[in-house]
Amino acid sequence: MIDALEKPAIFIRPDYSIQAVNRAYLDTYKQPVKLGHSRCHEISHHAAEPCDRHGEECPLLYCQQHGRSTSVVHVHHTQTGLQHCDILMRPVRDEDGMTLGYLEILNKVTFAAAGTDVNKMVGVSAPFNRMLNLLNRAASADISVLLQGETGTGKELAARAVHDASLRHDKPFVIIECTGLSEALFESELFGHEKGAFTGASQAKKGLVELANGGTLFFDEIGDVPLNMQVKLLRLLETRSFRAVGGLHPKRSDFRLVCASHKDLLAMVEAGEFRQDLYYRIAGFPIQLPALRERPVDIPLLVEQFLLVSTEGKHFSHAAMQKLCTYSYPGNIRELKSIVEQASLIANDSQIQIEDLPQVLQNHSQEQGASDHEIRSLEALEGDYLAQLCQTFPGSFEALADALGVSDRTLYRKLHKFGLRFR
Ligand SMILES: Nc1ncnc2c1ncn2[C@@H]1O[C@H](COP(=O)(O)OP(=O)(O)OP(=O)(O)O)[C@@H](O)[C@H]1O
């Protein structure tokens, strides 16, 4: 039965041992699978212990505890390197309802990367992976997606990811920037106009809604659409039909709807600033994007990604990277990107120092420094201790993990979190 599945799949027992495997799974992973002996975490994570011992959500544990299917995104070691995989774990029962084991089906998340990749959403943290899981789920359905998150959290990138991973990926992805759209512009931009519809309309022009036919229509900052235009938008979304300015006949467009807003739309509904019926029409599948301060683990990777495009071979000193990792980023990933670009332009040497960072970070660190005299968090102390060990420990990486009493994987994660490299 497992061979009939196209996606990589295994059947495992509660002790994580793999009892059956299909061709696609064998082709995906480097480690050879010994049926009855190999355990899933050894193959996919190169780890001797199950995921939950490393602070990750273990889907098998969830299935055992709740008796139902679950899905979660993890980063796996595959033939092609580190790869985000959406894992679907399902209990398999006999006819008496006794659980025989668990079926694990893997789905590669192609729009994300666990290393630098300019065209992808990069990150490895748990909040980022949870968001990927939802984006992946939404992409495969034709449901209306609402992306909510602070400015600069990657909503536009996420909207593109939903489109690219959907069945409509080879059709247009059309963006409607709602901020600053006047009523007159709203109608002609969205619905197009016929020749002679108004002064200056010397040619008929297709609107964005028509251009999105077959593909995805992305309304960025939907919370900025004024109330009087929200009615027209609602009509379009309910009927998928519209009339060009100056046109007599209604036209239809088949599009998948994705909207984004940095505003709290439900609070706007309560305040009477956003129509409730429109809210429920667009929020078929709401997804909250995490702020960068909720996923500091991803900062070093994002920095690496932005350095790749902005400079040739420059890198941050440990101290400068530490500063980057402790700032709170009100402007989120966009702000981090601009800080990296500025600092790499200012630095005269290949190593970017604290002094090369923009003033906003210097000020921030002074404030932090003042409070440091009172009390320091255990996390900060751990970071400093690890930074020191990275420079001074005489043995190998594995020996250091051993000496600290943690697994190689835990140590790797901690170094990644603090933006450290082992020599
Ligand atoms: N996970 C990510 N990996 C790499 N780059 C990212 C990621 N998320 C966002 N970015 C980059 O950060 C910048 C801001 O992203 P984006 O424009 O998608 O944010 P936004 O939430 O739509 O912003 P706004 O609310 O201001 O419209 C872009 O340059 C984008 O490429």
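1. Ground rules. The model is predicted, with local features needing pLDDT of at least 70 and side-chain atom pairs counting only at pLDDT 80 or more, while totals for chains, interfaces and linings use all residues. Residue numbers start from 1 along each chain as its sequence is written.

2. Domains. The protein chain splits into domain 1 (2-112), domain 2 (141-288) and domain 3 (294-417); the bounds come from an automatic or database domain assignment. Between the C-alpha centres of domain 1 and domain 2 there are 39 Å.

3. The antiparallel sheet. Five strands make an open sheet, ordered β2-β1-β5-β4-β3, with antiparallel pairing. β2 (18-21) and β3 (70-78) sit at the edges with a single partner strand each, so one side of each has no neighbour in the sheet. From one strand to the next the twist averages 30 degrees (axes are lines fitted to C-alpha atoms, for helices over the stretch in contact, and angles run from 0 to 180 degrees between N-to-C directions). Strands are DSSP runs of E, at least two residues, and helices are runs of H or I, at least four, numbered from the N terminus; two strands pair if DSSP finds at least two bridges between them. Strand β1 (residues 9-12) is joined to β5 (residues 99-108) by four bridges, and phenylalanine 11 has leucine 103 of β5 as its bridge partner.

4. The parallel sheet. Another open sheet of five strands runs β9-β12-β15-β8-β16, and here the pairing is parallel. β9 (173-177) and β16 (285-288) are the edge strands, each pairing on one side only. Neighbouring strands of this sheet are turned by 20 degrees against each other on average, direction ignored. β8 (residues 145-148) and β15 (residues 256-261) share four bridges, with cysteine 259 in β15 as the partner of leucine 146.

5. Helix α4. The 15 residues of α4 (residues 126-140) should span 21 Å at 1.5 Å a residue, and the end C-alpha atoms are 22 Å apart, which agrees. The expected span is 1.5 Å times one less than the number of residues. Buried residues in α4 include Phe128, Met131, Leu135 and Ala139 (buried: 20 or more other C-beta atoms within 10 Å of the residue's own, placed from the backbone).

6. Ligand shell. Which residues are closest to the ligand? Of the 18 that surround it, these are Met121, Gly154, Lys155, Glu156 and Ile333; a residue counts if its C-beta atom, placed from the backbone, lies within 6 Å. Domain 2 and domain 3 both contribute to the shell, so the ligand lies between them.

Definitions and conventions
A residue is buried if 20 or more other C-beta atoms lie within 10 Å of its own, exposed if 12 or fewer, and partly exposed in between; C-beta atoms are placed from the backbone.
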